[in-house]
Amino acid sequence: MAKSNKQKVQLGGADIPVPVNDVAGDSDDLMSPTKKRASEAAQSSGKRERGTSQTLSLDYNSLRDLLREQSAELLGKQKHQLDEAIGELETRTFSRVDAIQNQVVGLEEKHESFEAKLGELEKGLKHIEEMVKGGHGGSASGGSFVSEDKRQSTLVVGGWPKDSRRKAILADLKEALEALQLTKYQDEPAFCTGPRRSVALVPMGKRQSETPQGHRDRMFKFVQAFAAAEVMTRDGVRLWCSFSKTPEQRQISSHAGLIKRVLARFLDDVSDLVDIEWKTGTDVRKTEVFDDTPRKHWINVGLISVLTKQTAQAVRVRNLRKKARKTWETSRVERAAQGDWHAFRATKHSADTGWAEGYAAAQKEDPHQTIHDHLTEVYRGRPPRPCAALQEEVQAFTIEELEVALGQMQGGKAVGCDGTSKELLVGLAGIEGGKQHLAEFFTKAFDSLDREQVLTKLIDRLGDTAETRCWRQLLQENVGFLQTPWGSSHVRMQQGIRQGAIESPILFALAAELCLAETARRFRWDNNKQLFEGFTMHEMLFMDDSLLWGQGTQELETRIKQLMVVLSEYGLKLNGSKCQLLTSPHWGGAKFIHVGGVKVEAVHTMEIMGLPMRVGMSMCELIGPLLSRAKSKFWAAKHVLRSHAPVKGRLQLMERLVGGAVQWCLAAFPPDRSDIGLLNSTQQLISVWAMKLGKRDSENWEGFRKRSHRAARAALHHANLERWGTSWIRKWWRYSGHRARGLLRDAPPIRAHIDSFRTLSWWTGEKRKKDGLQHTHHYPKLMNMERAMDAAAGEEWRVVAQDRVEWRRREQTFVDNLDLPWSSSRQTQLLDWQ
């Protein structure tokens, strides 16, 4: 039997043999297999004799000692780790505490500094209070108060309008002192205490070896010189000069002056009747002295009536006149609130007219002459040469042309200086024979200008006719009358169009259209690559404002240069400072162009007629400025819209004033339900303001809003007013029909081309294509509007729009489909808000 080579381990006995190695010092350790393999690797490579083994006895006590030793070692290592962690935590904590302590010390120092400054401020305020109580008022200059001696040695020169420029005041004063020969008595220059004042201060320090009386006499020469002469400013205001006074002295003298003016109101001469003491405020009559307390602003009406030998009945009459005027003004406001436009215009506040003073102050020469010279230079040129009289018959206006012209005029508009309106002309045409007389009158008026030269372009287009000669008369040399606040003069107008003529804007728009059309024809703009596939137009024009678009800024700049070439042939040019460049946020090329030497930077938002517009904006952003304008319009007329007149009339007036500020351009914007709700909510809010509804003490804000808006809806309903959202829907429907019918004209307007570009039928076809065009979320929104219009029309809405009667009949169906209800289901009926 072969001898086993396995290591023997005896279990259950008192002595348990275990294998040991020959490494010294490890005989008492229980080695793990890993340590065992490492120990065996470190031993000699010689093999042990086969069949031999070394054993170690292991009992319970040895095992317990081993476990105790291992536990102690683990606890020691854990303690060491905890000590290191706690030490690191203490270090960080101490550093933070030190930082906090340093901050606290810094705050304490700042607090002490603030306390010191506060103490200084308290001392300064106490000093000011003592000076005011002691009657030593003054103005601060350089951080210290003006002493009493300096105030007594200062003259005050005034008379300029309020908030006049310091430069203008000092220039006028210097010129006045030189004219009055007072500069030799002045040692220090005059000054103003701010950039805009109405008075100037002249320091009059005491000279060496000058007595106090001589000093006073030298100052009094200034006062006498200004009183004896009429020193007038450029604005036609007389200057005055007086000694500097304290606030209390000014109060006393103003009260005494008020008494003198009241007496002078009844009598021509009060010098023998009353003597005014300007320093004490007393007035003397014979031997009696009437002392009026300076701080008590009152007038003894009975005493004045005795002095002037008048009765107190005059004062009562004056009070009655004031009361009557107040009643008249209240009545005028009530009439304005009921729609009386004459009364409403009379109640409008006058605009600020202070520009004249600012302009005059900025000029070194006569302000009227500067304006005259500027306009003379603008209109200087070579006038057109006269032409011979036309020797052929003139075709008169026909009745049909008169009827077409009357049909194109708008009613309900304010008349001009000639007092002519559409209603007047329609009334005259309705009289028997009226149309014939009107046609004859216009023919004579138009033919009376046929002897002036005509423009070459008009002759090329219209021929040498009486009509072209009348148009050319507008460009004939004439003289303009210039009227300014500082005078009047005549200006020769050798170029440009005649100012003030009603035909001038039409002629100028015609010239702009000719320039744009000739540029497009000469430089073959139609051959350029189309920005939108299928849309052949590259430009549009409204009067003299043109809009160009293209695929890049370089293309636009090239076309603008081409346009400027043609404009120069007509004597016109582009103003680069008034041009705007709008680029899409997706454009990555150059974002600027040059127009007439001016660099025009690209913008992401362009303002058109006061409305900011950008690519990708929502309808809510678009109508936001309209709502803000409506609110401003309301508060500008609050004296009428919030008066004590009946609510119905005020709401109807509000619809014409405020509603017009919101709805003037809504016909071009497609409505949706969310924006309709916003419009209606704003109308209700403004109606609440007009009704002056306030929150009650017993209700919360939610209850107040519910009550006030329900009351506003009821008031609008009782006033027979349509909500702004409903009006928006109607305007969109009517203007859409107008655009669709424009396609049938001989020269369709660009709005008709844009409206018929990429319609619902085109969009449906593109969706069927695999490579069809895709659009952002705004485009399907417009298609949803076309679907709604098709549903209301019963078929393709552009076809139905050609029939005006049928289109008008379908309008209410479209409104009912798109409009919001007057109230939610929580309000079952519109209650009587009164």
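Residues are numbered from 1 along each chain as its sequence is written. Because the model is predicted, local features need pLDDT of at least 70 and side-chain atom pairs count only at pLDDT 80 or more, while totals for chains, interfaces and linings use all residues; side-chain values use heavy atoms, without hydrogens and water.

**Stop 1**

Select strand 17 (581–582), strand 18 (592–595) and strand 19 (residues 598–603). Strands are DSSP runs of E with at least two residues, and helices are runs of H or I with at least four, numbered from the N terminus. The three strands form an open, mixed sheet in the order 17-19-18; two strands pair if DSSP finds at least two bridges between them. Strands 17 and 18 are the edges, each with a single partner strand, so one side of each has no neighbour in the sheet.

Strands 17 and 19 run parallel and are joined by two bridges. Now pick leucine 582: opposite stands valine 603 in strand 19.

Contact means heavy atoms within 4.5 Å.

**Stop 2: two helices**

Select helix 21 (residues 647–663) and helix 22 (residues 673–691), whose axes come within 11 Å and cross at roughly 135°. Axes are lines fitted to C-alpha atoms, for helices over the stretch in contact, and angles run from 0 to 180 degrees between N-to-C directions. Show the contact residues, including Leu651 and Met654 of helix 21 and Leu679 and Ile686 of helix 22.
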